[in-house]
Amino acid sequence: MKNSLTFVVEPDTGKLTVEVSGAAKDTVHEFVKVLGKGTSINCARPDKLTIRLTSPQTPSATDDFSIWLYDLYHNSVVDGPGRRSVIRVAGCSVRCPGCYVPQTHDRANGYLVSISSIVNEIFENRHTHDGVTILGGEPFDQAASVAELVSRLKKRGLHITVYSGNTLETLIGRKDKSVDYILTHIDLLIDGPFVAQLSQGAGEYRGSRNQRIISRP
Ligand code: SF4
């Protein structure tokens, strides 16, 4: 994803985000001149500048889905069965005391990326994984985007594990069609908040003993 310019339009607000990776400053300034002054937002990658325009743009029928991403990595053997690529989303409303990844709580610590770029990255690295894990942050805070991501990954036959700080019962109780779509199309759900007092002996893939590994929820 180096030396790239990625344009992301948020379908719900029409905001345009331009991800600039490895481009010369002059190029960035040319875009600012054409697109207007935006807001530079923080990004997890030190070599990337992201500009979000403050004026909403009109979404079109060709808009891609996007998601707030904290980072994406491969070859994990601790985030679900086998060797996995991991999509870690940014933003978490659960806020468990003692959380190991507080840096993922604020969406602004991540960056908005198109789902197609994530899917492409996963498939370019297909030799490095047996499946994909989506964790956070809290994936169900972005249920519509995660549902789209799950749909595209599942069409390619990938095994999908999702972590949530909410219990399965809470998620079902939302009666949200995107949440329901995720729950009925993934292979494993690891649910429940992290409870620091229950962290000893939590078992494979889990942070605390209250969390459950639920197959085909
Ligand atoms: S749900 Fe996950 S990311 Fe959110 S506070 Fe709990 S452990 Fe941390």
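# Reading helix faces and helix pairs

Guide: The buried residues of α2 pack against β5 (66-76), β6 (84-89), β7 (111-114), β8 (131-135) and α3 (143-155). A residue is called buried if 20 or more other C-beta atoms lie within 10 Å of its own, exposed if 12 or fewer, and partly exposed in between, with C-beta atoms placed from the backbone. Contact means that two such C-beta atoms lie within 7 Å, and the helices (H or I, at least four residues) and strands (E, at least two) are DSSP runs numbered from the N terminus. This is a predicted model, in which local features need pLDDT of at least 70 and side-chain atom pairs count only at pLDDT 80 or more, whereas totals for chains, interfaces and linings use all residues. Residues are numbered from 1 along each chain as its sequence is written.

Visitor: Which residues of α2 are buried, and why do they line one face of the helix?

Guide: An α-helix has 3.6 residues a turn, so residues three or four places apart point the same way. In α2 (residues 115-124), the buried residues are I115, I118 and I122. Seen down the helix axis, they fall within an arc of 60° (the arc of the directions from the axis to the C-beta atoms), so they line one face of α2. N120 and E124, on the other side of α2, are exposed.

Visitor: Which residues of α5 are buried, and which are exposed?

Guide: In α5 (residues 177-185), V179, I182 and L183 are buried. They cover an arc of only 95° around the axis, which puts them on the same side of α5, while K177 and T184 are exposed on the other side. The cover over the buried residues of α5 includes α3, β9 (159-163), α4 (168-173) and β10 (188-191).

Visitor: At what angle do the axes of α2 and α3 cross?

Guide: Two packed helices are described by the angle between their axes and the distance between the axes. Here the axes of α2 and α3 come within 10 Å and cross at roughly 35°; axes are lines fitted to C-alpha atoms, for helices over the stretch in contact, and angles run from 0 to 180 degrees between N-to-C directions.

Visitor: Which residues of α2 and α3 meet?

Guide: On the α2 side they are I115, I118, V119 and I122, and on the α3 side S145, E148, L149, R152 and L153. By class, this contact has six nonpolar, one polar and two charged residues, where Ala, Val, Leu, Ile, Met, Phe, Trp, Tyr, Cys and Pro count as nonpolar, Asp, Glu, Lys and Arg as charged, and the others, Gly among them, as polar.
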